Amino acid sequence: MLSVRLSSARFQKMAAPLRFLIVLLLLLSGAHLSQAQVQLRGVVRDKETREVLPFASVAVPGTSNGTSTNMEGEFTLVVKELPVTLQISELGHIKDTLRVTSGAAALDVALAPATIVLPEVKVASFPFQMVDRAFRNLQRNYRRAYYGKAFYRQITRIDDKPTELQEAVWNVKSNPARIEGTTLAQGRYAAVSAPINLSNFSVYTRKFGLFDAQQDSTTSLALLSPNVEKNYLLELKGIVGEDSTGGVAEISFETRPEVKYRAQGTIWIDIETNQVVRYRMVQPSFTGSTNNPRQKFTDAKLTIEMAFRAGGKASVAPLELMKMDLTTNLTEPGKQPLAISVSSFTYFFDQATKATGLPYARASLTDRDLDAIKAKPYDPEFWANNPVVKRTPAEDEVVSAFEKKGAFGSMVKKAPPKADVIIRNGQIRK
């Protein structure tokens, strides 16, 4: 901000061009200050069921200003001024616009379900053609890099009781198919004593991708590979929002019975651009192990969900959200099985195509999230009023559970040590 203090006499003695320049600078400074930004907040729901809609896009049309709703359907968006028109869209719902004239109250946006059309003209090979086109598209654009940040939150529950909460902000490098590397910017945690600690669960987020250029394509079991017809059964469920622009194909997939690897799910592909819009996959036979040889995971199931930022006419787009859910039973001889559930999501933000020069490490099975967080100096100011953290609030029951047990680790400032108390002649002295 420009700050100028001059007496009237001194100002009058200055040359006219200099006086004009000072007045101009002051006017520009005042104009800059008058452009106060406005923060809008709200929730997006299904118009019929009133259920919240995660992954919904909220944007200012004609600009790059936009965001997406969190897992509770909530969003925050900073705009330059009011009134403003917002465009709200979500896969499976009809796109709508909203004119906002005040930011005082939270917005409640309801989207009507879109009709899913199953065109008769689509032949049986159509879903295979779409998946193959999406694969070729990712293959061509695999080297396109995005640099930004990602907010990661993980909540572990044992027998429905929260035992672990980890949050981290990564500097992240990604491409249209996966995360390529991360470096920890800040982290914090809360935990109670438990039979098991998921200290490297984020590795599944950081290692998983729709396509990996370093993998042998002739043996790949990924859906997006040259082997899709050999390994998968596909079914076109319908076209979402089909109109003159083409719409999005919703395709269900399942590994063939003769393939030992088991996976099933749904992929959404833009018909016009061949861009993957969203991907959801379930591994019903997920395998894992612990450091304790007596402990075993049984009935493990891993669910993976990926959403990509709306790319408009672009054929590829950066990652916007990733979600991982693991459910399993932990068994040990002589003990009752424990129901384990781990849920994590990652929100990508501040993404750009310009390289940063930061180091980015590929995920490794030897990574230990909690150790990395503890090794990083905790900065409470980083987390205070952090808009990214606020847009993804932790469940009240989780926070309450840790508050009652005083188990917030680095999530709260430790109380300053009390001064020693000395008693002399019956009086308390510090």
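A residue counts as buried under 20% relative accessible area, as exposed over 50%, and as partly exposed in between. The exercises below concern a predicted model.

**Exercise 1.** Determine whether Arg-50 is buried, exposed or partly exposed, and describe its backbone.

*Solution.* Step 1: Locate the residue. Arg-50 is found in the loop between E1 and strand E2 (57–59).
Step 1: Apply the cut-offs. The relative accessible area of Arg-50 is 39%, so the residue is partly exposed.
Step 2: Examine phi. Most residues other than glycine have a negative phi. Arg-50 is not a glycine, yet its phi is positive, at about 65°.

**Exercise 2.** State the strand order of the open sheet of three strands, and identify its edge strands.

*Solution.* Step 1: The order is E4-E1-E7, and the pairing is mixed.
Step 1: An edge strand pairs on one side only; this applies to strand E4 (74–79) and strand E7 (107–111).
Step 2: On average, neighbouring strands of the sheet are turned by 35° against each other, direction ignored.
Step 3: Consider one pairing in detail. Strand E1 (residues 38–46) and E7 run parallel and are joined by five bridges. Within this pairing, Arg-45 has Ala-110 in E7 as its bridge partner.

**Exercise 3.** Classify the aromatic pair formed by Phe-135 and Phe-211, and then the pair formed by Tyr-152 and Trp-170.

*Solution.* Step 1: A pair of aromatic rings is described by the distance of the centres and the angle of the planes. The structure holds 11 aromatic pairs.
Step 1: For Phe-135 and Phe-211, the centres are 5.4 Å apart and the planes stand at 75°. Planes over 60 degrees apart count as edge-to-face, and this pair is accordingly edge-to-face.
Step 2: The pair links distant parts of the chain, 76 residues apart: Phe-135 is in helix H3 (residues 126–140), and Phe-211 is in the loop between H4 and helix H5 (228–231).
Step 3: Phe-135 has 1% relative accessibility and therefore counts as buried. Phe-211, with a relative accessible area of 10%, is buried as well.
Step 4: The ring centres of Tyr-152 and Trp-170 are 5.0 Å apart and the planes are at 25°, so this pair is stacked. Tyr-152 belongs to strand E9 (residues 146–158) and Trp-170 to strand E10 (residues 161–174), 18 residues apart. Both Tyr-152 and Trp-170 are buried.
Step 5: Ring pairs also join Phe-208, Tyr-232, Phe-253 and Tyr-279 into a cluster.

**Exercise 4.** Describe the second largest pocket by its volume and by the residues of its lining.

*Solution.* Step 1: The space in this pocket is about 1,200 Å³.
Step 1: The pocket is lined by 46 residues, and those closest to its centre are Val-203, Tyr-204, Lys-207, Phe-286 and Leu-365.
Step 2: Elements that give two or more residues to the lining include helix H4 (202–207) and strand E11 (179–191). H4 supplies the largest share, four residues.
Step 3: By class, the lining comprises 26 nonpolar, 13 polar and seven charged residues.

Definitions and conventions. Residues numbered from 1 in each chain as written. Predicted model: local features only at pLDDT ≥ 70, side-chain atom pairs only at ≥ 80, totals over all residues. Heavy atoms only, no water. Pairing = 2+ DSSP bridges. Axes fitted to C-alpha atoms, helices over the stretch in contact; angles between N-to-C directions. 1 Å grid on protein atoms, 1.4 Å probe; cavity = no way out; pocket = protein on both sides within 12 Å on 5 of 7 lines; lining within 4 Å. Points joined across faces, edges and corners; volume = space filled by probe spheres on them. Nonpolar A, V, L, I, M, F, W, Y, C, P; charged D, E, K, R; others polar. Phe/Tyr/Trp six-rings, centres within 6.5 Å; stacked < 30°, edge-to-face > 60°. Buried < 20%, exposed > 50% of the residue type's maximum accessible area, 1.4 Å probe, protein only.
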